[in-house]
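Subject: Structure handover

Hello,

I am passing on the structure below, together with some notes on what was found in it. Please read the notes with the structure open.

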Amino acid sequence: MSIEQPVDQNLLEKTKQQIRTIVSEISKISKSDIAPDEFHAEFLPRVVTALAAAGGAIWTLDANGQLTLSFQVNLQEAHLHDNEEANKQHSRLLYKTLRSGETGTLVPAHSSSEGDEEVGNPTEFLAIFGVIKTELESVGLVEVFQRPESNPATQRGYLRFLEQMTVYATEYYSNRQLRNFGDRQSLWTQLEDFTRNIHKTLNMRETEYTVANESRRLIECDRVSIAVKRGNRCLIEAVSGQDMVDKRSSTVKLLGKLATAVVACNEPILYTGDTSDFAPQVEDAVEAYVDESHTKMVAVFPLSRRNVKEQDFDDTEKDKAPVELPFGAIIIENIEDNRVPERMKKRVEIVVEHARCALGNALDHNSVFLMPLWRAIGKSKVLVTARMLPKTISISAAVLLVLLAMFVIPWNFNMHCNGTLEPEIRRNIFAREEGKVDKIFVQHGSPVFGPGSDPNDPQGTLLLKLTNSQLEAELQKVQGDLAEVQKQLASLKEAGFRTDRIEDRIRISGQTAQYEAREKSLHIQLDILNERMKELEIHSPITGTVMTFDLNNKLQSRPVQPGQILMEIAEPDGTMILELDMPEKRMGYLVEHARKLREKDLGAQLSVDFVMMVDSTRHFSGKVIESHDRAENRGEGGTTVRLKASIDNPDDLPDSKRAGAGVSAKISCGRKPLGFVLFHEIISYFQKTVLFWLD
């Protein structure tokens with residue numbers, strides 16, 4: 001006779017409450033947006049606890065349709081890995097259960113399917129399976145290992161509970177699929193916008209900036225830069241979020257060096273903190289850039305016009321297609337985080353492929369010979385439509401007439417230059433000796449006279465006087481030496497008169513000869529020093545007027561050197577001439593025209609027309625009378641040749657004329673076609689920079 005054990009109602013109610021709590025937690029977890037690994041870690045331990053099972057496992061299908069262990073609780077208790085045959089038998093059981101289509105299955109311990117001994121439960125536990133299957137796909141299995149000694153009713157209860165929990169797991173995966181569909185829809189929308197924007201133009205600069213900005217938005221990174229190869233270097237042409245790139249920035253220069261190194265290797269790189277696997281030149285470039293920019297993650301992908309794959313080549317060496325070198329690179333950066341999520345990797349692949357196509361097409365398009373011309377011709381087809389055709393014909397005819405006039409109509413060909421109005425008679429006063437200006441006897445505008453013109457000073461008007469203490473000291477020394485020699489000579493002559501001895505007279509005669517030679521030398525030195533002293537007094541060489549302004553401030557007590565210009569004297573009321581500075585590049589036309597004139601008349605001279613800066617309303621004429629044989633660099637005026645020209649009617653010059661007044665002149669070089677007159681400098685530049693090198 002069996003005696004039933006009394007049931008503890010409090011314990012039973014407490015157990016039910018715990019199970020309800022676990023079920024409520026599982027229900028809440030199934031509605032959350034967590035990763036599958038986190039869901040499995042929260043889901044399976046609660047199921048095993050609620051069933052008071054020995055262990056359990058979650059098996060999910062991977063991309064290849066293979067079941068993989070995603071999470072387990074005490075799976076080692078089943079001892080599946082102790083026996084390879086048992087492990088295989090269990091694997092076949094998993095696949096059979098998944099294909100059966102049943103939501104839940106009980107498999108007794110140490111059992112196998114009828115007629116098939118290779119499929120079964122080799123463990124000592126009761127295996128309870130729940131299938132996770134959404135409306136779209138089978139996700140996997142939940143397997144619970146329960147002790148086999150329970151009665152059939154309890155086992156069915158276990159199965160129903162697991163089926164209910166599997167419903168929650170199915171709900172989680174269904175919700176996740178819906179969210180993935182939403183994310184995919186958003187991704188497809190972004191991708192559609194991305195491809196449409198980067199492929200809508202073939203302008204290189206617009207494409208570069210569009211790729212940089214749209215790529216950053218799609219990848220969800222911090223910065224995207226575009227580098228294009230120019231010769232042997234890569235230059236950063238576009239950076240996301242910036243209207244223009246400061247190419248003088250040290251960061252931009254280092255990023256360009258990094259792109260150059262990666263493009264040279266033609267292998268993409270991903271830096272997240274470790275450079276040990278990089279080529280040495282790439283490693284150096286990465287470290288230099290990261291030290292400057294403090295970027296945590298950098299990915300550089302070379303861009304080629306087409307992807308070269310191994311299957312593109314035949315086996316024979318001669319049939320191999322040449323590998324196309326990259327034309328640039330796309331650089332992706334994260335400044336604060338070095339992690340690269342899986343979704344970012346997939347989006348980067350899409351971006352690199354589309355960027356390669358868009359930038360490659362734009363580069364090919366812009367490399368076509370005379371592309372701006374062909375683009376303009378293509379846009380000009382509207383000019384030949386029915387409404388615009390009469391206007392087009394009229395404008396074309398006008399343009400042709402203008403071009404014909406350029407070649408047919410002769411025009412005055414003049415060479416323009418600047419110059420000054422100068423007195424014909426003028427002299428620069430130079431210092432002949434080194435010294436310091438002691439006295440100045442004239443001022444600006446003072447009249448002076450040349451040698452023979454001033455009755456008070458036959459040498460000419462005294463302009464200024466210099467002092468030279470060294471020269472004066474030398475003069476005094478020579479005078480003292482001369483006096484001493486003369487004294488010695490007098491003593492020797494007196495001694496010669498007093499002595500009757502022949503020996504003394506011979507000795508005195510020799511000494512007298514030495515002192516006389518010394519006296520002669522000192523007289524010569526004295527004459528030279530006196531002449532030099534005279535040079536310290538500077539007289540006017542011509543009759544005229546002092547033209548230099550503010551002489552006291554410029555010269556008084558100032559040291560001067562031989563050859564230094566001290567002042568200028570000229571005849572401002574005398575004959576005036578022009579001094580013109582003609583640019584050297586225009587002298588060829590003058591020389592050629594002068595040669596043609598002299599072939600007809602040996603005395604012919606080039607004609608000059610000029611206006612004065614003080615009165616540009618009146619025109620004056622003249623003739624070129626002298627041309628310097630040497631071109632000189634005159635500062636801002638460049639290299640010029642100095643010309644002198646006479647004035648035909650000097651009395652017509654305005655009363656306000658002054659020496660040094662500026663003039664603007666043009667020298668006639670005959671008549672040439674109008675087009676040559678207007679564009680002769682462009683023609684000359686083309687001849688010396690293009691035709692010369694092509695010859």
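Where does Asn 468 lie? Asn 468 is in the loop between S17 and helix H11 (469-498); helices (H or I, at least four residues) and strands (E, at least two) are DSSP runs, numbered from the N terminus.

Before the rest, a note on the source. This is a predicted model, in which local features need pLDDT of at least 70 and side-chain atom pairs count only at pLDDT 80 or more, while totals for chains, interfaces and linings use all residues. Residues are numbered from 1 along each chain as its sequence is written, and side-chain values use heavy atoms, with hydrogens and water left out.

Asn 468 counts as buried, at 11% relative accessibility. Here buried means under 20% relative accessible area, exposed means over 50%, and partly exposed is in between (1.4 Å probe, protein chains only). A polar atom of the Asn 468 side chain lies 3.2 Å from the backbone nitrogen of Gln 470. The backbone nitrogen of Leu 471 lies 3.1 Å from a polar atom of that side chain. Leaving aside neighbours within four places in sequence, Asn 468 is in contact with Glu 434 and Leu 536, contact being heavy atoms within 4.5 Å.

The other topic is salt bridges. A salt bridge is a side-chain nitrogen of Lys or Arg within 4 Å of a carboxyl oxygen of Asp or Glu, and a search of the whole structure finds 28 of them. Three are described here.

Glu 333 pairs with Arg 223, with the closest N and O atoms 3.0 Å apart. This pair links distant parts of the chain: Glu 333 is in strand S12 (residues 328-334) and Arg 223 in strand S8 (residues 223-230), 110 residues apart. Glu 333 is buried, its relative accessible area being 0%.

Glu 537 forms a salt bridge with Lys 465, the closest N and O atoms being 3.9 Å apart. Because Glu 537 lies in strand S18 (residues 537-539) and Lys 465 in strand S17 (residues 462-467), the pair ties together parts that are 72 residues apart in sequence. Glu 537 is partly exposed at 31%, and Lys 465 is partly exposed at 32%.

Lys 534 and Glu 531 form a salt bridge with the closest N and O atoms 3.8 Å apart. Being three residues apart in helix H12 (residues 502-535), they are separated by about one helical turn. Lys 534 is exposed, with a relative accessible area of 53%, whereas Glu 531 is partly exposed at 44%.

Regards

Definitions and conventions. A polar contact is a pair of N or O atoms within 3.5 Å; within protein, one must be able to donate a hydrogen and the other to accept it, and residues adjacent in sequence count only if both atoms are side-chain atoms.
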